[in-house]
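Reader: Could you take me through this protein slowly, and tell me on what grounds each term is used?

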Amino acid sequence: MPMEPDSSSRASRASTAVRSAGEWLKEPPRPGAVVGPVSDARSSAITPGLLAAIFEQYTLPLLGLHGVRHWARVLEIGRRLLPLTGARADVVELFSVLHDACRHNENHDPRHGARGALLAVALCGRAFELDASGLVLLQEACARHTDGRCDADVTVQTCWDSDRLDLGRAGIRPSARKLCTMAACDPGLIAWATVRSQRDETPDLVREEWEIPESLLPGVRPRDNDQEGR
Ligand SMILES: [Fe+2]
Ligand SMILES: [Fe+2]
């Protein structure tokens with residue numbers, strides 16, 4: 001997914017993130033502080049009905065570069081970031097499954113974020129519940145997620161960082177200079193997310209929360225045997 005160069009400094013963006021988040025972060029997180037197991041966070045925002053509606057209109061391979069594995073890793077990263085950034089959990093979770101849901105191809109598709117935002121509007125109130133202010137944030141997060149920018153509410157920034165930290169699958173190591181929040185710039189988190197992305201790992205939540213059957217996950221290697229990077 002293309003990201004345009006961002007000329008502003010990391011320090012400036014980090015400062016912006018702290019200001020926009022109010023008092024949520026008194027000091028930078030300790031290196032490695034966000035890598036540990038996340039709490040048993042089950043989504044209340046991503047319903048079976050929402051997943052069914054997304055799958056119904058998704059035209060690309062379910063296990064493709066921008067498919068289910070990517071969505072699940074984005075969700076896991078988001079769940080690690082949001083306690084530190086103060087982002088809205090419901091928006092971050094919904095972003096994970098909607099932002100790439102309307103891609104027409106796995107390559108250059110600059111309007112897919114805008115289409116994802118439109119899908120969010122169409123499904124809000126039918127396949128998921130979200131208040132008006134949350135829907136505004138979700139629309140912005142989806143519509144602008146490929147712009148390579150950071151000027152946004154901290155919830156939107158957290159969505160974008162969750163997506164950018166899963167660039168390893170495309171051969172790109174996420175750069176702290178292009179991340180929006182201080183929490184996302186943690187070297188331990190970047191390394192953890194990059195290895196998982198390079199391996200195209202399938203998070204447990206795909207089966208345990210989304211309950212996607214094994215029959216729809218062909219070629220997925222058992223986690224215990226999945227020790228080799230590629
Ligand atoms: Fe995307
Ligand atoms: Fe994405």
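Author: The protein chain has nine helices and zero strands, where helices (H or I, at least four residues) and strands (E, at least two) are DSSP runs, numbered from the N terminus. This is a predicted model, in which local features need pLDDT of at least 70 and side-chain atom pairs count only at pLDDT 80 or more, while totals for chains, interfaces and linings use all residues. Residues are numbered from 1 along each chain as its sequence is written, and chains are lettered from A and ligands numbered from 1 in the order in which they are written.

Reader: What makes tryptophan 192 buried, partly exposed or exposed?

Author: A residue is buried if 20 or more other C-beta atoms, placed from the backbone, lie within 10 Å of its own, exposed if 12 or fewer, and partly exposed in between. Tryptophan 192, in helix H8 (residues 187-198), has 19 C-beta neighbours inside 10 Å, and therefore counts as partly exposed. Of the 230 residues of the chain, 43% count as buried.

Reader: What is meant by the largest nonpolar core, and which residues touch the most other members?

Author: A nonpolar core is a set of buried Ala, Val, Leu, Ile, Met, Phe, Trp, Tyr and Cys residues joined through C-beta atoms within 7 Å. The largest one has 50 residues, of which Leu94, Phe95 and Ala141 touch the most other members. Helix H3 gives the most to this core, with nine residues.

Reader: Which residues does leucine 94 touch, apart from those up to four places away in sequence?

Author: Leucine 94 touches Ala45, Ile46, Ala120, Phe128, Leu130 and Leu138, given that two residues are in contact if their C-beta atoms lie within 7 Å.
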